[in-house]
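Dear colleague,

Please find the structure below, handed over for your records.

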Amino acid sequence: MSGPLAGNRIIEFAGIGPGPFCGMMLGDHGAEVIRIERPGGQLDPRDALSRNRRSIVLDMKTAEGLSIARDLCRTADGIIEGYRPGVMERLGLGPDVLLGDNPKLVYGRMTGWGQYGPIAHAAGHDINYIALSGALHTIGRKGQAPVPPINYVGDFGGGAMMLAFGMVSALLYAKTTGTGQVIDAAMTDGSALLTGMSRWFFSAGEMSDTRGENMLDGAAHFYDSYECADGKWVAIGSIEPQFYALLRQKLGLENDPAFDEQHNKAGWDTLKTKLAAIFRTKTREQWCALMEGSDVCFAPVLSMMEATLHPHNIERETFMEIGGAIQPAPAPRYSVSVTDRPRPAPMVGADGVDIIAELRDSRGD
């Protein structure tokens with residue numbers, strides 16, 4: 001693979017969710033990612049999270065499998081694993097062992113709760129991690145239950161992306177100093193970090209600790225989604241005064257004094273009711289014709305299929321066909337570095353023979 005991370009070898013111990021997403025990120029940007037699979041595992045070529053990999057099957061319950069895994073880690077710049085705390089140590093592949101073999105190694109650890117803490121060994125999922133960090137509390141309508149944001153905030157935003165950033169940071173440090181280290185990436189920590197701006201607003205008295213009462217959580221009439229005449233939806237984000245003025249102009253509300261006090265929360269519910277009625281008078285397509293591309297801060301709320309067909313996404317190749325399915329394209333883009341078109345997830349173990357042969361060559365066997 002080509003890209004800014006070309007020349008870096010990452011060993012990925014197979015897992016689910018955030019670990020594979022991190023591996024995808026590193027592989028998308030040029031790293032060689034070798035995924036160690038358990039016997040009997042399967043990969044789906046339509047799965048974006050498993051693309052850009054080489055695959056080898058190792059039985060980690062055998063001395064031979066563990067020996068090969070350890071040898072692979074000796075050749076690596078970094079590893080990523082997503083087991084509960086202590087599992088890798090019990091396998092004999094903990095940080096002390098692998099960094100002893102390879103002092104430059106970046107040892108990336110992905111967990112929900114972190115490597116230590118009172119509940120570090122408990123099972124959990126995205127919804128639990130973002131609940132503990134306070135992130136889930138902020139998502140939803142006033143007076144209603146918190147809304148799980150799929151698993152975008154914990155697994156991917158607060159987990160995988162943080163681990164990918166940590167891996168690249170530590171790889172740079174290792175290249176400079178020759179010293180590897182362990183990365184403790186916890187989804188509780190990462191999702192807490194994602195609430196940084198909200199906590200600033202809260203500390204400054206500009207945000208309520210009750211969801212659904214604030215500018216960015218659906219309370220404001222100028223920052224929300226509205227249903228159209230055809231049952232489809234549009235999203236409005238007209239925060240700044242000039243964008244809000246343009247919204248009023250497009251909706252014929254320039255002379256309605258009720259809309260003059262944009263940030264008076266006492267009037268938000270009434271103004272939202274008025275906007276909702278207006279947006280129901282036209283179809284989504286008609287609102288797009290009137291507002292899309294303007295400075296209203298407007299966008300249609302597209303389904304996953306519709307998003308692949310939007311002209312902006314088509315021109316930027318935001319989505320591409322890989323492995324028989326539409327997948328998101330690698331991001332971000334670079335002005336100099338060229339990244340290859342992603343390869344679909346391989347068959348499990350497809351590269352095992354070649355990888356073993358390369359290990360033998362490196363050892364001079």
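Methionine 197 lies in helix 8, which spans residues 196-203 (helices, H or I with at least four residues, and strands, E with at least two, are DSSP runs numbered from the N terminus). The model is predicted, so local features need pLDDT of at least 70 and side-chain atom pairs count only at pLDDT 80 or more, while totals for chains, interfaces and linings use all residues. Residues are numbered from 1 along each chain as its sequence is written, and side-chain values use heavy atoms, with hydrogens and water left out.

Methionine 197 is partly exposed because its relative accessibility is 43% (buried means under 20% relative accessible area, exposed over 50%, partly exposed in between, with a 1.4 Å probe and protein chains only).

Tryptophan 233 belongs to strand 8, residues 233-237. With a relative accessible area of 39%, tryptophan 233 is also partly exposed. Its contacts (heavy atoms within 4.5 Å), not counting residues up to four places away in sequence, include Cys228, Arg284 and Pro300. Between tryptophan 233 and arginine 38 there are 44 Å in space, C-alpha to C-alpha, and 195 residues in sequence.

As to the cysteines, the whole structure holds 0 disulfides (pairs of cysteine sulfur atoms within 2.5 Å). For cysteine 22, the nearest cysteine sulfur is that of cysteine 73, 15 Å away; cysteine 22 is buried, at 0% relative accessibility. For cysteine 288, the nearest is that of cysteine 228, at 7.7 Å. Cysteine 288 is buried as well, with a relative accessible area of 15%.
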